[in-house]
Amino acid sequence: MITAADEDFLRRAIDIAAHAITLGDAPYGSLLVGPDGAILAEAHNTVRRDNDISAHPELKLARWAARELDHDTAVRTTMYTSCQPCSMCSGGTVRSGLGRVVYALSTEQLIELNPDSGAWPAVAQDGPALFDVARAPIDDYYRR
Ligand SMILES: [Zn+2]
């Protein structure tokens with residue numbers, strides 16, 4: 001359920017996205033709101049500027065949260081973002097320990113507005129293979 005307070009923070013994420021355009025960056029913005037309702041960090045997409053495919057605001061904030069927040073705070077922190085996190089950012093968000101994500105545009109809505117946003121081909125993955133060899137560093141590390 002999205003509350004009126006959630007919508008206020010989503011409007012902030014959309015403002016960040018709009019401001020990114022004035023900086024020459026792509027129109028995606030996000031922020032983290034802590035358990036007490038305070039804004040902890042904000043970010044926008046800097047993929048072009050940084051020449052870094054991982055410079056999505058959601059992943060930047062997930063990394064920030066994992067680095068700066070203890071588990072109890074992270075799980076009670078919400079990420080607000082102008083668009084639904086992509087698969088890369090969703091994975092990072094899971095690893096970050098953040099407790100909730102609230103987004104404005106869904107991926108489907110974004111693709112409807114800009115079809116290029118959904119033009120990512122699937123990458124073939126082959127495996128598993130070499131189990132007995134590949135397990136050695138895993139065993140060495142986790143069974144020390
Ligand atoms: Zn992303």
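**Close-up views of a predicted model**

Figure 1. Leaving aside residues up to four places away in sequence, Tyr80 touches Phe9, Leu10, Arg12, Ala13, Ser30, Leu31, Val33 and Val102. One of these, Leu31, is also the bridge partner of Tyr80, which belongs to strand S3.

**Figure 2. The largest nonpolar core.** This core has 21 residues, and those that touch the most other members are Ala13, Leu31, Leu32, Leu61, Ala62, Ala65 and Tyr80. Two or more residues come from each of helix H1 (4-22), strand S1 (29-33), helix H3 (57-68) and strand S3 (78-83). Which element gives the largest share of the core? Helix H1 does, with five residues.

**Figure 3. The open sheet.** Four strands make up this sheet, and their order across it is S2-S1-S3-S4. The sheet is open and its pairing is mixed. Strands S2 (39-44) and S4 (100-105) are at the edges with a single partner strand each, so one side of each has no neighbour in the sheet. On average, neighbouring strands are turned by 15° against each other, with direction ignored.

Figure 4. Strand S1 and its two partners. How do S1 and S2 run relative to each other, parallel or antiparallel? They run antiparallel and are joined by five bridges. Two of the facing pairs can be picked out by name: Gly29 stands opposite His44 in S2, and Leu31 stands opposite Glu42 in S2. S1 also pairs with S3 in the antiparallel sense, here over four bridges. The hairpin turn between S1 and S2. The two strands form a hairpin, with five residues between them. Gly37 lies in the turn and has a positive phi of about 85°.

Figure 5. S1 is mostly covered, with five of its five residues buried.

**Figure 6. Helix H7.** This helix covers residues 131-142 and has twelve residues. From its first C-alpha to its last, H7 reaches 16 Å, close to the 16 Å expected at 1.5 Å a residue. How many of the twelve residues of H7 are buried? The number is zero, so the helix lies largely in the open.

Figure 7. An unreviewed UniProt entry carries the annotation "domain: CMP/dCMP-type deaminase", which covers residues 4-121. Over residues 4-121 the chain is 48% helix and 19% strand.

**Figure 8. The whole protein chain, for orientation.** The protein chain has seven helices and four strands. Along the sequence they follow the pattern α-β-β-α-α-α-β-α-β-α-α. Taken along the principal axes, the C-alpha atoms fill a box of roughly 55 × 40 × 30 Å. Of the 144 residues in the protein chain, 26% are buried. Among contacts between residues at least 6 apart in sequence, 48% join residues at least 24 apart.

Key. Residues are numbered from 1 along each chain as its sequence is written. This is a predicted model: local features need pLDDT of at least 70, side-chain atom pairs count only at pLDDT 80 or more; totals for chains, interfaces and linings use all residues. A nonpolar core is a set of buried Ala, Val, Leu, Ile, Met, Phe, Trp, Tyr and Cys residues joined through C-beta atoms within 7 Å. A residue is buried if 20 or more other C-beta atoms lie within 10 Å of its own, exposed if 12 or fewer, and partly exposed in between; C-beta atoms are placed from the backbone. Two residues are in contact if their C-beta atoms, placed from the backbone, lie within 7 Å. The expected span of a helix is 1.5 Å times one less than its number of residues. UniProt positions are given in the numbering used here, feature names are shortened, and annotations may be inferred rather than shown by experiment. Two strands pair if DSSP finds at least two bridges between them. Axes are lines fitted to C-alpha atoms, for helices over the stretch in contact, and angles run from 0 to 180 degrees between N-to-C directions.
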